Amino acid sequence: MTVTKKDAIRAITTHYIDGAFVESHGHEVMDIVRPTDGQVIGRVTLADEEDARRAIAAAKRAFATFSASTMGERAKLLRRLHEVTSERIDDLTAAMVEEYGGVVRFARPIVESGVNAFAAAEKALREIQWVRSWDKTTVTLEPVGVAGLITAWNANVLFMCLKFASAVAAGCSVVIKPSEMSSLQARVLVEALHEAKLPNGLLNVVTGLGKTVGAELVRNPDVAKISFTGSVGVGESIMRDGAATMKRVTLELGGKSPTILLDDANLEEAIPPALGMAFLNSGQACAAGTRLLVPSKRLDAVKRAIADAMSAFPVGDPADPKTAIGPMVSQKQVDRVQSYIRKGIEEGAEVLVGGEGHPQGLEAGYFVKPTVFVNVSNDMTIAREEIFGPVLGVIAYDSDEDAIRIANDSNFGLHAAVLGTDLSRARRVASQLRAGRVVINGMTDDPQAPWGGFKFSGVGREYGAYGISAFLETRAILEVA
Ligand code: NAD
C-alpha cells in the first residue's frame with residue numbers, strides 16, 4: 001500500500017505479527033479522515049486483545065534468542081533498519097502530511113529524525129559500557145524483556161523508530177501499538193521495516209484502540225516494559241495498571257513549555273524562533289513553547305514584534321512548504337482549541353492575534369486561527385493546561401528570578417527555551433529551569449541528548465544511551481573468593 005494517491009480509500013485489514021502481515025482477528029473498522037477536507041481516505045480494521053496476545057507470544061519467542069545476540073549483530077540490524085527506512089523518507093513524509101495534516105516543513109525533519117534514530121542507536125550502542133568488573137564482581141546490562149511500545153499520533157513515525165531502535169540496541173523484542181489515528185503512516189513504515197528481514201517476532205505491530213490493544217500490553221505478564229508517548233491521563237493509567245505486573249515504564253507525556261525572552265534579547269532575532277516554537281507542528285507538539293515570558297518593560301515592543309512576525313506563519317495546505325500552520329488533526333481537536341480560546345477571553349486575557357473561528361477561506365478542513373494572547377497571568381487556565389493547538393500566551397515578568405519562578409510554576413517540565421544575547425546569563429537562567437531539555441537561542445536537537453520530562457511531563461528518558469538504558473536491567477554476579 002502506498003499512501004500517495006489522493007482520493008482513493010485505502011483499506012488496511014492486517015497486522016504485522018511474527019514477520020508477516022496477517023489478517024486481523026478484531027473486526028471493528030475505523031475511518032481515517034483527511035484533516036484538510038474531512039474526507040475519508042482510509043479504513044482500518046482494528047486489532048483486538050487476541051491479536052495483541054498473538055503478537056506478544058511472537059515477541060516472547062523472539063526474545064529467547066534475540067536477547068543473547070551480540071553487540072555486532074544488533075549494530076548490523078540497526079544499520080539495515082537505517083538503510084530501509086532512508087529509502088522511504090518521501091513516502092513517510094507524504095503519509096504524515098496527508099493523514100494528520102502535519103506541515104511538510106515539520107513532517108520531513110521529524111521523519112528524518114526517526115530514520116536517524118537507527119544510526120544514533122548504533123553509535124550509542126558502541127559507547128555503552130556493557131560489562132564492568134572488579135575483584136570477584138561482574139556487572140552486566142541485560143535486555144529487560146518483551147517491550148510494548150505505545151505511540152501518540154502527532155509524530156508517530158519518529159516515536160515508532162526511536163523506541164524500536166533503542167529496544168533493538170538493548171536486545172529486546174517489541175510489540176508496537178501505533179496511535180490508531182496514524183494507521184496509514186504506520187503501515188508505510190512497517191512495510192519499510194519488513195524489508196530489513198528481521199528475525200521473526202522481533203518486531204510486531206498491532207493497530208488498535210488504547211482500551212483494547214494498549215490495555216492488553218499493559219496488563220499482560222509477558223510484557224516486561226512499556227514505553228509510552230501520549231497524554232498525562234493515559235500515562236497515569238499505565239503506571240497504575242502496570243503495577244500489577246511490575247512493569248518498567250517510560251512515559252513521555254505533555255508540556256506547557258516556557259520560552260524566556262531575556263531583557264537583552266534582540267527582538268528581530270528572538271521573536272521568530274519564539275513563535276516557531278509556539279506553533280511547532282501547528283501547536284500540536286508536546287514541546288511547543290506556549291508560554292512566552294517577556295520583561296514587563298519591553299511588553300509593548302514585543303507586541304509590535306509579534307504582530308509584525310505573524311506574516312511568516314501562514315495557515316493553509318500542509319503540503320505547501322511555505323505553510324507554517326496546517327489543520328488540527330480532528331474536529332475534536334478543533335473544538336478543544338476553540339474552547340481554550342474562549343476560556344482565555346473569559347478569564348481576561350487579551351487577543352493580540354487570531355481568536356475564535358476558522359481562518360478566512362479555510363472553512364472546509366480542521367483549521368483554527370493561530371492565536372496570541374497578551375495580559376496572560378500564569379494562573380489562568382490557558383497558561384496551566386496543555387491546549388495542543390497554535391495558542392500562545394504572553395506573560396510579563398519583572399526580573400530574571402521572577403521569570404525563572406514563573407517558568408517553573410507549572411505541573412509540567414518537558415522543554416524550555418531561553419533567548420538572549422549574553423550567553424553566560426542565558427546559561428545561568430537555563431540551569432535553574434526544571435525541565436528535561438532547555439534550548440538556548442532557538443529550537444535544536446541532538447540525537448544523543450536525553451529527552452523526557454520532569455514532573456507530570458513523564459518518567460524516564462529517550463534518545464541515545466539514555467534511551468537504550470530504559471530497556472536494560474542490571475545484573476551483578478559475585479563469586480566467593
Ligand atoms: P493519548 O494519550 O490519547 O494516546 C496515546 C496512545 O495511547 C495512543 O496510541 C492510544 O491509543 C493509547 N492509549 C489510549 N488509552 C490507552 C490505555 N488505556 N492503555 C494503553 N494505551 C492507551 O495521546 P495522543 O492524543 O495520541 O497524543 C497527544 C499527547 O501526547 C499530548 O498530551 C502530548 O503532549 C503527548 N506527547 C508527548 C510527547 C513527549 O515526547 N513527551 C511527544 C508527543 C506527544
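**Exercise 1.** Determine which residues lie nearest the centre of the largest pocket, and how its lining is made up.

*Solution.* Begin with the centre of the largest pocket: of its 45 lining residues, Trp153, Ser179, Glu180, Met181 and Ser231 lie nearest to that point. Here a pocket is an open set of points on a 1 Å grid over the protein atoms alone, with protein on both sides within 12 Å along at least five of seven lines, while a cavity is a set where a 1.4 Å probe fits but cannot get out, and lining residues have an atom within 4 Å of a point. The model is predicted, with local features needing pLDDT of at least 70 and side-chain atom pairs counting only at pLDDT 80 or more, whereas totals for chains, interfaces and linings use all residues. Residues are numbered from 1 along each chain as its sequence is written, and side-chain values use heavy atoms, with hydrogens and water left out.

Next, take the volume, which is the space filled by probe spheres set on grid points joined across faces, edges and corners; for the largest pocket this comes to about 1300 Å³.

Then turn to the elements, where helices (H or I, at least four residues) and strands (E, at least two) are DSSP runs numbered from the N terminus. Helix H7 (210-219) is among those that supply at least two residues of this lining, and H7 gives the most, with 6 residues.

Finally, sort the lining by class, counting Ala, Val, Leu, Ile, Met, Phe, Trp, Tyr, Cys and Pro as nonpolar, Asp, Glu, Lys and Arg as charged, and the others, Gly among them, as polar: the result is 21 nonpolar, 13 polar and 11 charged residues.

**Exercise 2.** Find which helix gives the most to the lining of the second largest pocket.

*Solution.* The second largest pocket has a volume of about 640 Å³, and of the 28 residues that line it, Phe106, Pro109, Ile110, Leu280 and Met443 are the closest to its centre. The helix that gives the most is H4, with 5 residues.

**Exercise 3.** Describe how the axes of helix H3 and helix H4 cross.

*Solution.* The axes, which are lines fitted to C-alpha atoms over the stretch in contact, with angles running from 0 to 180 degrees between N-to-C directions, come within 9 Å for H3 (residues 89-100) and H4 (residues 104-127), and they cross at roughly 130 degrees. H3 is therefore oblique to H4, given that angles under 35 degrees count as roughly parallel, over 145 as roughly antiparallel, 65 to 115 as roughly perpendicular and the rest as oblique.
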